[in-house]
Amino acid sequence: MRIEYDIKLGFKDVMIRPKRSTLKSRKEVSLERTFKLLHSPITWSGIPIIAANMDTVGTFEMAKALSKEKLFTTIHKHYTTDEWSNFFNNAPSNIENRVAISTGIGKQDTIRLSNHIKSNPKLQYICIDVANGYSEYFADFVKSVRETYPEKVIIAGNVVTGEMVEELLLSGADIVKVGIGSGSVCTTRVKTGVGYPQLSAIIECADAAHGLGGQIISDGGCTTPGDIAKAFGAGADFVMLGGMLSGHDESGGETIEKNGEKYKKFYGMSSFTAMDKHSGGVADYRASEGKTVEVPYRGAVKHTIKDILGGLRSTCTYVGASRLKELTKRTTFIRVAEQENKIYNP
């Protein structure tokens, strides 16, 4: 046993210090980025905000809506091959650069992934997604997927420390997903005692990834547009959102009405709800590590996206970053004990 005494920080522990700026308006800020990837020959361009691969967020409907704003969606893994084919037949042009197919690491996952890609060669992005990316088998699986699909873009995770980011990049991943226990409907920290404050995880993992020419996704912990800005300021190349994109027309999940108000179900993919729906229940050897909640219905996702992108542009003007790429270079975090004045909050 050992104890690390270095302070580790989450989004609520800091704010971004403003700096002098020559920008006159938010209109002058560009949020688009272009990434050359470590292994794949594909170049990605767009606004690097990603819908999470949860079946209450990462839907085909969400992908169509976000693609209009040049955002990205990791599609949940429970669609059939025919549903994927129908999606591509009816999706906007260039949608193949705005979606990733998700997979686990079991034998059936491998078969399903192969069938999907054979039937839909437009699929260019693969998200290999497990709760615990620290197993040796996971790194070996990433290697085998790289060997099988050398041209594809591979996203792999989740991890929270630099050495494992390096391991996955060297195993064939182009982008590593960072975050354990920080999601709004994740109970891993409660059930296992395992986790890592998200801001510090981003800082450490971005440093490791960029040294090798890879990228990272900050996955989890964002509850406001300001948190997204902090994630980019800390060095994240992409930011993945779950709860912030739940509850919309394009989100999955059952719609419920209570006392004249509409709600939509939102749950973690390791929750009892998800495992009962997709696996027939929680296996005897494991526990549920996710919540099921009812999120107030929020209408079309385009309104939420407008709010997020507007907040992010405003952050950039406060620190003088004319491009999102410059934000991390211009970010100074200050430690705080208070984020906002809540006297009039309901």
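**Strands and salt bridges**

Let us start with a pair of strands: E12 and E13 (residues 261-267) run antiparallel and are joined by four bridges. Two strands count as paired if DSSP finds at least two bridges between them. The names come from DSSP runs, numbered from the N terminus, with helices (H or I) having at least four residues and strands (E) at least two. Keep in mind that this is a predicted model, in which local features need pLDDT of at least 70 and side-chain atom pairs count only at pLDDT 80 or more, while totals for chains, interfaces and linings use all residues. Residues are numbered from 1 along each chain as its sequence is written, and side-chain values use heavy atoms, with hydrogens and water left out.

To see one of these bridges, find Thr 255, whose bridge partner in E13 is Lys 264. Now widen the view: E12 and E13 belong to an open sheet of three strands, with the order E12-E13-E14 and antiparallel pairing. Strands E12 (255-258) and E14 (292-296) stand at the edges with a single partner strand each, so one side of each has no neighbour in the sheet.

Next come the side chains. A salt bridge here is a side-chain nitrogen of Lys or Arg within 4 Å of a carboxyl oxygen of Asp or Glu, and a search of the whole structure finds twelve of them. One of these joins Asp 109 to Lys 77, with the closest N and O atoms 3.4 Å apart. Asp 109 sits in helix H3 (residues 107-119) and Lys 77 in the loop between strand E5 (72-75) and helix H2 (81-90), so the pair ties together parts that are 32 residues apart in sequence. Lys 77 and Asp 109 are also linked with Arg 112 in a network of salt bridges.

How accessible are these residues? Buried means under 20% relative accessible area, exposed means over 50%, and partly exposed lies in between (1.4 Å probe, protein chains only). Asp 109 has 11% relative accessibility, so Asp 109 counts as buried, whereas Lys 77, at 28%, counts as partly exposed.

Another salt bridge brings together the side chains of Lys 177 and Asp 129 (2.7 Å, N to O). Because Lys 177 lies in strand E9 (residues 175-178) and Asp 129 in strand E7 (residues 125-129), this pair ties together parts that are 48 residues apart in sequence. Lys 177 is buried at 1% relative accessibility, and Asp 129 is partly exposed at 26%.

Finally, look at Arg 323 and Glu 326, which form a salt bridge with their closest N and O atoms 3.3 Å apart. Arg 323 is partly exposed, with 41% relative accessibility, while Glu 326 is buried at 14%.
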